[in-house]
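Trainee: I am new to this structure and would be grateful for a close look at a single part of it.

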Amino acid sequence: MNTITDAVVIGGGIAGLQVALDLADQGFDVVIVEKEPSIGGKMISLSKVFPTLDCSSCICTPRMAAAAHHERITIMTCSEVQAVQRVGEHFSVTIRTRPRYVIESACIGCRKCEYACPVLVPHEFEGNLGARRAIYVPFTNAMPQVALLDVENCTFCGACARACPTDAIDYLQEPAITEMEAGAVVVASGYALTETQTADRYGGGKLANVLTGLQMERLLAPHGPYGRVLRPSDGRIPDTVAFVQCAGSRDHSLPEGQGVPWCSRVCCMYAIKQAMLLSGSLPLVDITIYYMDIRAFGKGFEQFYQNARAMGINFVKARVARITEGENANPVLRIERIEEDGRVEDQPHDMVVLTPGIVAGWDPSSVIPVQIGSDGFVLSEHASLAPCRTRVPGVFVAGTASGPKDIPDSIVEAGAAAMEAANHLRRTAYASRRRTEAEAGGR
Amino acid sequence: MTETKRRVGVYVCHCGGNISDVIDVQKVVDGVANIEDVVVARREMFMCSDPGQNLIAEDIAAHNLDRVVVAACSPSLHEATFRGTLKRSGLNPYLYEHVNIREQASWCHKDDPEGGTRKATRLVAAGIAKARNLVPLDPVRVPVTRAVAVVGGGIAGLRSAIDLAKSSFEVHVIERAADLGGHLARPGRVYPTDEPAQDLLTGLLAQARSLPGLTLHTETELVASTGYLGNFRLTLQGPSGEPRELTVGSIVLATGFEHYQPSLGELGFGMSDRVVTLPDFIERLDPRGPTGGQIVKDGKPVQRVVFIHCVGSRQLEGVHVPPEGGRLYEHCSRVCCTTALFASIELARKFPQVDIFDVYQDIRTYGRGQEDIYEAAARAGVTFFRVAGDAPPTVEIDASGAITVRLVDLLTFNEPIEMPVDLVVLVTGMIPRDITPLIEMFKLPRSPDGFLQEVHPKLRPVEVCVDGLFIAGACQAPMDVAEAAASASAASAKAACLLGGDVISLDPFVASIQAELCDGCGLCLAECVYVKALTRAEGETVPVVNTALCKGCGMCAAVCPHEAITVRGWEIKQYDAMVDAIVATGGHP
Ligand SMILES: Cc1cc2nc3c(=O)[nH]c(=O)nc-3n(C[C@H](O)[C@H](O)[C@H](O)COP(=O)(O)OP(=O)(O)OC[C@H]3O[C@@H](n4cnc5c(N)ncnc54)[C@H](O)[C@@H]3O)c2cc1C
């Protein structure tokens, strides 16, 4: 592999992919470093997206495919940036690639190994609601379509190696280190969710029918774990579903890791979206959204919210103090109404969706000296005029790495970060110098 | 119809379940597998995924396919993906036909899977018929001018211009007003950096003026545009009165927004000088503003100030009445909650004795650091009242000029509140600016909210349906300074991608004329809706197509009595074949 490039983009979610495309289309070479075995980030696991209700994988895969097939874009999966060193005006980036135990160039994604593997483990991509094998292709529309072996759960029975038609399985694969020289670095490492469901007040993670927003996304996805929306405890179709807004956000009382004091920005809209999709697939279901403020602030969002009201989804301004388990494994919500008479009551529901807080997916300050805010997200050089430039020249930020945001806002920032990075590369003449040197060397 | 033998590959996509939950995809495959020239017919979970595309590539190699049909989602999503697959496999990318059996079959026939399956089969058969008649095409290539016009000199326009000038494009900022900066040019501080807006502007302007290749045209309007992507010929009307011509490769529209102006009497507006809009109030808070930073009533500092949110935003039919000839503004203006809270904190800081009230429906402090502003406002002593959207507060001004605000507060369980106040601040929203001439000039669509409509609200927020035109800042939707700056840079990036090379490739679906069939009747010339796309020189019989201007709409082909003019890739004989196939395919039994 060529170990010199123009820009390294850390994170292959929708923001990172868009940065890469907007740089590559300007003629720069880009390497995307993605920690997971597939690009696509969180977006590829969503069902449909607000407010257009487009099927998420249908609009995300074109971007993934465009990046994967772009002649100027190289994608490294199962890879993480270990160090970034400034060398004059450019950077030396150390990338560590975890072994897949499957030779990437040999695997044809036929899944024969997967079918042969006897081990079943909960599937992270399906929010642990479905199962996968110990060797598996990450998910149907993963890119690249290459299997990986989960050594933690592998029994080394050898079935996969025997089933593989191309001898791609290599139990002895070692981690690989790549030293990449680059003129610019873009941090697009996205977000993670707090473990709000494990908070004592929400049942300590033990209530089967209390799900997180992302789990509900999977249940609603056309190719999700059950193929339809069912209660995890008994496989029954739920009659009543509740959404607990700000469960892990705008809360100073939850410990770190379970909640955050800020607004996570997308939960109001995804709850409304999920409520709409639910009432589409289960016409008789009764849906209640418990909320503090509905933050339908983006383009077309307010109409979306008003449509949801008109569809008969109940919006109740209330705080949910705790969740316990009642009869039939029904979660029971202790709610304190903020409106009407302010009464406190217990409301049973068949199924409850919690909206966890959104936190930074990665702390880049361990490898790049960028500044991090007290909220853990990357700080920009000037929050108003240059939101995508960090305080380290040549390092830029895009998407949810600089705070919770939805897909359109992530896409816009990705474009902006690409513009900033392109101008940095032009100013330092890094790209052109590199090409001239390469040509001279080639002669 | 076709004489030559073709080798067609047909691929039916499950789309995860989006298609296969309704359509029996195997039946569709079986229903078309025996059509003449079909060499392989298959189905797959996601045709757009790597395995799906590899399947096509392998079949092209193994079976020598020369035409490919994929039946999947809308062509707007994946047609380009599969053309790319053909190209990588060494086939001309235009030997590809995309059939939409998701929007046009599975999604609209959920209640009739069998009928949907029959329809899908027919559509695929028609696609095959067309594919058999496809011919290789080459993209239209047009040279580009490495210059960009930015219409509007506010924050978004300036930011975009600076980005592009730094990328060494020639940039022209066209600003109608005498001064640059738009709304940023007014006094007042802005969140989140808590800086005077004018300081931000000064910095930007200094940068813009220092960049070679960046020209700022003030008191200038864009009055006409001809040409196309890569080469727009613009006419500017400047202060001198002499129109001026300019050629640019791309245009960034950054025309911004307008503040909602309440109508006379709306929440007391215009009935007292102590009922003001938020932008006016922010100006007064600024020591450089019209009142020198003083907020007074009868010469004495005010005691009680109320902010009323959502004035001109989130309007509801039956509750709000649009002005004569006006419209309701149903959208949320996004920035006003934070702006109002930010202003109330500043008010409390400067005048600690003031009692501040805030009447809202939902507090939408969504952005980074904005929840802190909300909490700080509460700590600063702001008292909040929550009202329902369909029960807005009222403002009454009596003969003595005393102001009373009445509302029903949801936070205290529907308690009716009546409060005398010294000053009412109407938190007015952002509404689309009237840019009708530009909209007509470029035939731009608007979203239902009246702002400019992007190509795709999720994935292509700064592009519009006119090639070569981009939108930046609040002309697309309400947004704050940082968001406008990001949107401007994103638009610049798109322009830079477009104009980076010497030529631009366009789709080849343009009109073409078979001269020997043309008798020069001229019907097509009269029908063409695009300026100069179809022309005929003096004394000539046969018209000429300007392939860069032609949009392939087919109006000319529809009127030609001799089928002399036709649209490449959408030829009449291809349509004929499709219709024949639809009629012939009864679907499966
Ligand atoms: C339940 C739910 C529903 C949602 N629904 C919608 C919706 O309907 N519409 C909408 O607009 N938005 C929605 N969102 C928000 C949406 O998910 C985000 O806006 C979007 O995915 C952000 O993209 P990103 O690229 O910034 O981050 P991510 O998707 O998180 O991508 C970041 C990528 O970086 C990788 N990465 C992280 N750290 C490293 C590292 N150290 N090295 C290398 N790679 C790394 C990650 O593996 C990941 O692939 C929803 C969010 C949730 C939680």
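Mentor: The account below concerns a pair of helices and then the ligand.

This is a predicted model, in which local features need pLDDT of at least 70 and side-chain atom pairs count only at pLDDT 80 or more, while totals for chains, interfaces and linings use all residues. Residues are numbered from 1 along each chain as its sequence is written, chains are lettered from A and ligands numbered from 1 in the order in which they are written, and side-chain values use heavy atoms, without hydrogens or water.

In chain B, helix α8 (residues 278-285) packs against helix α9 (residues 336-350) at an angle of about 30 degrees, and their axes are 11 Å apart. Helices here are DSSP runs (H or I, at least four residues), numbered from the N terminus; axes are lines fitted to C-alpha atoms over the stretch in contact, with angles from 0 to 180 degrees between N-to-C directions. α8(B) and α9(B) are therefore roughly parallel to each other (angles under 35 degrees). On the side of α8(B), the contact (heavy atoms within 4.5 Å) is made by Leu278(B), Phe281(B), Ile282(B) and Leu285(B). The residues of α9(B) in this contact include Ala340(B), Ala343(B) and Leu347(B).

The ligand lies between chains A and B. Among the residues around the ligand (a heavy atom within 4 Å), Glu34(A) is one of those that come nearest. An N or O atom in the side chain of Glu34(A) is 2.5 Å from an oxygen atom of the ligand. A polar backbone atom of Lys42(A) is 2.8 Å from an oxygen atom of the ligand.

Key:
Helices (H or I, at least four residues) and strands (E, at least two) are DSSP runs, numbered from the N terminus. Angles under 35 degrees count as roughly parallel, over 145 as roughly antiparallel, 65 to 115 as roughly perpendicular and the rest as oblique. A polar contact is a pair of N or O atoms within 3.5 Å; within protein, one must be able to donate a hydrogen and the other to accept it, and residues adjacent in sequence count only if both atoms are side-chain atoms.
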